[in-house]
Amino acid sequence: MSRLLVTGGAGFIGANFVHYWLEKYQDDRVVALDALTYAGNLVSLANAEGNENYRFVHGNILDLDLLDGVLREEKIDTIVHFAAESHVDRSIHGPDAFIETNVTGTHTLLKAAKSVWLDAGSSQHRFHHVSTDEVYGSLESDDPPFTETTPYAPNSPYSASKAASDHLVRAYHHTYGLQVTTSNCSNNYGPYQFPEKLIPLIVINILAGKALPIYGDGLNIRDWLYVEDHCRGIDLVLKRGKVGEVYNIGGNNEWTNMDIVKLVCRLLDDSFANDSQLAGRFPDSPAVQGKRAESLLTFVKDRPGHDRRYAIDATKTRNELSYEPKESFETGIRKTISWMLDNEPWWRGVMDGSYREWIDRNY
Ligand code: NAD
Ligand code: TYD
């Protein structure tokens, strides 16, 4: 039986991971810790409420005393560290929070783990750090995908802060012997993703009949990973990964932004054609006006320093851990769109408040 601390548990991937773990390992203890920033939503964890093996702690990873207390009180043996500022556009407008949470916050968590585990002589522990393919920089169209040995070349304040945190995790292993693993994954999508990220933003804008903003020429490429495949990948790293190692987790699924937006447009046009109730629920959507969703496509100014392409070579994770993504993009996107249509109160709720104000101030 393991006792997990999941930082950032009320965020997109963290909440999916909490649900995944509680369902798969029913005897394990899962403590979700989250500062509930604009991106953290307790309602994403509502399905875990009532499970006696689950607890939520409202707290900040910058708070060393709190972390120390939770690790001791809950006898945590495994940390899965998701908590971060995660949106590249926000890091361009305000990098400070990224340095505080992603660099200083990760370092505070490492210090707490070192003091509680190493100073007590624990030999059975794991600190798993969740990072991103963005630390490797940007690829040209004919470059080979990133491997675990690709030199770091982060280009945004977000990716630079994640790169710094990766180095600190590595250093705590080499210097102090903390038992760490790190995974670097590609762009996730799926349920509970905050609607400032491309896929949920496009779905919601189509439903509201609003412009679909395409940065630059729309030909930037990302590798897309269904969030449950990512959770399974982390599970494999925790169960079978070697301490001190880094594992890339990808979706074998490279798409241009333009093609993704067109796919989402097509699937939502089909949804309106097949479900007459949608017209009543979303009267401003283009389907109700007899138009195609693609009519909302709008080119906007490019993101400064916009990385052209990310792609992951997950050969090591496949060979050593038998990791393989299960979801195809078409099935994953369909699941995501139906989840959003079935969970309108969730996305309406998270879009109230600070997110709206921030968009209004910056765009
Ligand atoms: P998210 O922004 O949806 O969630 C982050 C969570 O961390 C939120 O619940 C927020 O409240 C919490 N948080 C922020 N600052 C905190 C602090 N100081 N103390 C405690 N909690 C704090 O992010 P996500 O998309 O779920 O990403 C999770 C992790 O995965 C991040 O480390 C991110 O860098 C990494 N990652 C994400 C993606 C992706 O496509 N979403 C891709 C690669 C890597
Ligand atoms: P995003 O979801 O912000 O993830 P990341 O920047 O971490 O890859 O963006 C994915 C891609 O979509 C990225 O190339 C930027 C682009 N994009 C748009 O074209 N329009 C948008 O409104 C957003 C949010 C992103």
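Visitor: Which element gives the most to the shell around ligand 1?
Guide: First, some ground rules: this is a predicted model, where local features need pLDDT of at least 70, side-chain atom pairs count only at pLDDT 80 or more, and totals for chains, interfaces and linings use all residues. Residues are numbered from 1 along each chain as its sequence is written, chains are lettered from A and ligands numbered from 1 in the order in which they are written, and side-chain values use heavy atoms, with hydrogens and water left out. Helices (H or I, at least four residues) and strands (E, at least two) are DSSP runs, numbered from the N terminus. With three residues, the top giver is E5.

Visitor: How many residues surround ligand 1?
Guide: A residue joins the shell if one of its heavy atoms lies within 4 Å of the ligand. Ile-13, Asp-34, Ser-86, Tyr-158 and Lys-162 are the closest.

Visitor: How much of ligand 1 does the protein bury?
Guide: Let's start with polar contacts, pairs of N or O atoms within 3.5 Å (within protein, one must be able to donate a hydrogen and the other to accept it, and residues adjacent in sequence count only if both atoms are side-chain atoms). Thr-37 has a backbone N or O atom 3.0 Å from an oxygen of ligand 1, while a polar side-chain atom of Thr-101 sits 3.0 Å from a nitrogen of ligand 1. Taken alone, ligand 1 exposes 840 Å², going by the Shrake-Rupley method with a 1.4 Å probe (for residues, only the protein chains shown count as cover). Of that area, the protein buries 96%.

Visitor: How many charged residues are in the shell around ligand 1?
Guide: Here Ala, Val, Leu, Ile, Met, Phe, Trp, Tyr, Cys and Pro count as nonpolar, Asp, Glu, Lys and Arg as charged, and the others, Gly among them, as polar. The shell around ligand 1 has 13 nonpolar and 13 polar residues. The charged ones number two.

Visitor: Are helices H4 and H5 roughly parallel or oblique?
Guide: Angles run from 0 to 180 degrees between N-to-C directions, and axes are lines fitted to C-alpha atoms, for helices over the stretch in contact. Under 35 degrees counts as roughly parallel, over 145 as roughly antiparallel, 65 to 115 as roughly perpendicular and the rest as oblique. The axes of H4 (residues 96–118) and H5 come within 8 Å and cross at roughly 15°. That makes H4 and H5 roughly parallel.

Visitor: And H2 with H4: roughly parallel or oblique?
Guide: H2 (residues 64–73) packs against H4 at about 40°, with their axes 9 Å apart. So H2 is, relative to H4, oblique.

Visitor: Over at ligand 2, how much of its accessible area does the protein cover?
Guide: A polar side-chain atom of Arg-303 lies 2.5 Å from an oxygen of ligand 2, and an N or O atom in the side chain of His-306 is 2.7 Å from an oxygen of ligand 2. On its own, ligand 2 has 510 Å² of accessible area. The protein covers 96%.

Visitor: Which element gives the largest share of the shell around ligand 2?
Guide: Helix H6 (198–208) and strand E8 (212–215) are the elements giving two or more residues to that shell. The largest share is three residues, and they come from E8.
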